[in-house]
Each structure stands twice: as structure tokens, then as C-alpha cells.
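Please work through the exercises below with the sequence and the model at hand. Each task is followed by a worked solution.

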Amino acid sequence: MYAELKAENLETNTREAAAGSLELTSLPVSVYVDVNLKCNLRCPQCHRNHPQFEGHVWPTMEFDLFENVARELFPTAYRVLMFGGGESLIHKNIDRMLQMCLDYEVYPTIVTNGTTMNRKRAVLVARTGMYMGISVDGATRKTFESLRYPAKWERFNKSMRLIKEVREEIGNPSFFPHIQVVVQRENVDEIPLFVELARQYGFELVKFSKMFPHFEELKARIPEAEPVNEKFVEAFEKANEYGIRLEVPDYGPTEHSERLAELRAANVFPISIDSSPSGRFVQGGFVKYPDPSSRRCGIPFSESMITPEGKVVVGCCSTYQLGDLAESDFATVWNGEGYRMLRRTVNSGDMMEFCAPGRCPFRI
């Protein structure tokens, strides 16, 4: 129903972004809608443990606001990223929100702790073709329950089994659950076990990322490069045997670097998301992010973020506010003064401070 409208918008947006147009006739092809900043866990490595957030009330998006955003942006968008710093699946209206994604034929992306899944929701998630990262951080009961407090290992594995069963039952090639792990001192020895966990539940991808020290006390949780790379070698050996793709961050040169590079180079077999109908969109290939080959940025032309309170911000720098949906509709904000300034400067020699190399998360 919406395929033609989305294709026309994408074609126009691609042309306008390439031209660096300041005012656009197209709408974002990718939208962050941060539906909830609340969480049901109290993980010790989370930024929420910073003293500045003591007693903080985390906001959640009202369904009426989500409905208005969906009505205005989902008919032309391909992807909606429904997460930020909270657990999206505990929103009281999350099932209604996911149904709207299905109705508007937009692919949702969510990162979840995987502790609240039930069968009805699992079926809905699978039908939407969700790109779903499941944040784990512990591959044994002891480590999992320590780092994902107060989640229980048995309940988590029940959710994983349910996701596996429903994925096989629904057979939607766009539904892509995978494992995400923040590497820290407490779980370094378990790095190869996450590959075993993925194999157990039929997942094709494990993403490892570095610990970010949101506050001083977290620096002690950052592991040394040598043991991490040693365990990455073990993980790749397993992954290459099982046909599981790994994404791992660079910890710098160690005595294991040469072997790690060999194994990483061999970890190139196809996985289902590569050829699924949503693969191009959920992985962001149609929004130009700065990368080593080109620092050119297309985010202000093709992607936007809406906070739980209805503020329109830049997804890569949520402190830069471009508008407020309580005061105007999105179309007005999209071509307002803030967006025009950002589009004019983002790829110039006079870029805004948060776009500069070293400040931008993509222009490293």
C-alpha cells in the first residue's frame, strides 16, 4: 500500500541530499522515535548510575504523540528506530505502536534486554520484520545476573527460546534477532560463550562493543586489550565454524592481532539479513553516515530523532534541539531555521561544534 510512496520519497531524498539542499520536499527515510527512557533493569555499567541521575524521573512517550508522528512520517519512512536509553518493550502501549509499524509497512529497530517477551508480542515483533538487538552482557547465570540486575537467567532464556520458535513459525525473512554485548572486565572470559549462545538460539550475528565510561567509576570496568583480543580469536574460531557473523571493535595491536585479522577476514559468509527485503534499510545503508572513506554526512537530510517529550533533535547529538512537536508539526521543523543551518554547515569547513572530527561519533 505504501511501497510506491516510500520509493518516491527515497528517490527525491537521495537527490536532495546529494545536492545539499537546505529546504527539502522529501521527508526522512529513517526516523528515531525514542518511545521510552524507563528501564526494568539496574545494570551497574549503565549511564543511569551516574550520580547526576539520582532520583531522576525518566520520560516515556504518550501514545497520542506517537500516533501523530506515525501518521505524519511513517507513510514515507522505511525504518523507525524505537529506542534510546531505555527499554522500549516495557512501554504500556508498545504492542499498539508495533501494530502501527506493521500497518504503515515501516521496519522497526529495537535494542532490548529480552526479559519481557511473551508469545503474543513475539509474533507481532516477527510480523513487523524487526531488526532486534538483544543486549546480553553475560553468557552464564552468574555474570548475566550480576550485569543485568535484577533479571533472571531462566526468564531470559525463556524469552530467547520463544523468539527462536516464533521466528521459525512466522518465517518472515526480515525479522532478524541478534545478540549485542558490551565488553567489560567481568565478561571477557565469556566472549566465546556468546557465540555458543547465538548458535543455541539460531542467531546469525553477535555484535561486540566497547564499554563507554559514562562516569569515572566505570573506567575500572574497561578491560585490557590483550585478553580481549585473545578471546576474540577464540570467538572467531567458533563463529567461522558455525557460520555466525561477528562484529568486534578494535582494541589496538597485541600479540593476537595477526591471527585475529586472519579470522576476521574469513568471517564474510552471507547471513539472512543481507538478502532480506528490509536489509538495505534496517542497516542504514541508505542514510549517509561519515566513515573512513568519506566524512560527508547525510543525517540532517535523511534522518531525524524525536524524544519522548516530542522534541525534534539530531539523532547523533540529542542535545541540539531543532523544534518541538508541541508547538508545530514536523514538516515545519524539518525545513525550519535549525535544520537549514545544520544542512548548510554539516559538510563545510565551518561545521557546528558537535559535527567536528573527534566530537562526532562517526567522524573519529
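The model is predicted, so local features need pLDDT of at least 70, side-chain atom pairs count only at pLDDT 80 or more, and totals for chains, interfaces and linings use all residues. Residues are numbered from 1 along each chain as its sequence is written, and side-chain values use heavy atoms, with hydrogens and water left out.

**Exercise 1.** Determine whether Glu 23 is buried or exposed, and find its contacts.

*Solution.* Start with accessibility: Glu 23 has a relative accessibility of 55% and therefore counts as exposed (buried is under 20% relative accessible area, exposed over 50%, partly exposed in between, with a 1.4 Å probe and protein chains only). Next, list the contacts (heavy atoms within 4.5 Å): leaving aside neighbours within four places in sequence, Glu 23 touches Asn 335 and Arg 343. Finally, compare C-alpha atoms: those of Glu 23 and Trp 334 are 8.2 Å apart, although 311 residues separate them along the chain.

**Exercise 2.** Describe the surroundings of the ring of Trp 334.

*Solution.* First, Trp 334 is buried, with a relative accessible area of 1%. Tyr 339 is also buried, its relative accessible area being 1%. Second, the ring centres of Trp 334 and Tyr 339 lie 4.8 Å apart with planes at 70°, so the pair is edge-to-face (centres within 6.5 Å, using the six-membered ring of Trp; planes under 30 degrees apart are stacked, over 60 edge-to-face, the rest tilted). Third, the charged end of Arg 343 sits over the ring of Trp 334, at 4.4 Å from its centre (CZ of Arg or NZ of Lys within 6 Å of the centre and within 35 degrees of the ring normal).
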